[in-house]
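Hi everyone, thanks for coming. Please have a look at the structure on the screen, and then we'll walk through it together.

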Amino acid sequence: MPRFYFHIVAGSVVLDDVGTILEDAKAAQQHARTLASNLRDNHALTSGTIVVEDEDAGQLFEVPLAGLFS
């Protein structure tokens, strides 16, 4: 299974250098949405994005911290 990295870009950049092993890009997108929701709820981040990369293709997509519904 591939490893995905979830970098947080919200004023500053927090790089995920460990990553998470997930089944596929769809699972990575759901994980990023959950992470965004948790960051909004627990850390009051209202802007920024989570940049999702995989170990082979690089950047796959971005998930905004604002404007998502869990």
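**A hairpin, its strand partners and a core**

Let's start at the hairpin of β1 and β2, with one residue between the strands, where G11 takes a positive phi near 85 degrees. A quick word on what you're seeing: this is a predicted model, where local features need pLDDT of at least 70, side-chain atom pairs count only at pLDDT 80 or more, and totals for chains, interfaces and linings use all residues. Residues are numbered from 1 along each chain as its sequence is written, and side-chain values use heavy atoms, leaving out hydrogens and water.

Strands (E, at least two residues) and helices (H or I, at least four) are DSSP runs, numbered from the N terminus. Two strands pair if DSSP finds at least two bridges between them.

So which strands pair with β1? With β2, residues 12-14, β1 pairs in the antiparallel sense over three bridges, and I8 stands opposite V14 there. Six bridges join β1 to β4, also antiparallel; here Y5 has E53 as its bridge partner.

Of its 13 residues, F4, F6, A28, A32, I50 and V52 touch the most other members. β1, α1, β4 and β5 each supply at least two, and α1 gives the largest share, four residues.

Methods
A nonpolar core is a set of buried Ala, Val, Leu, Ile, Met, Phe, Trp, Tyr and Cys residues joined through side-chain atoms within 4.5 Å. Buried means under 20% relative accessible area, exposed over 50%, partly exposed in between (1.4 Å probe, protein chains only).
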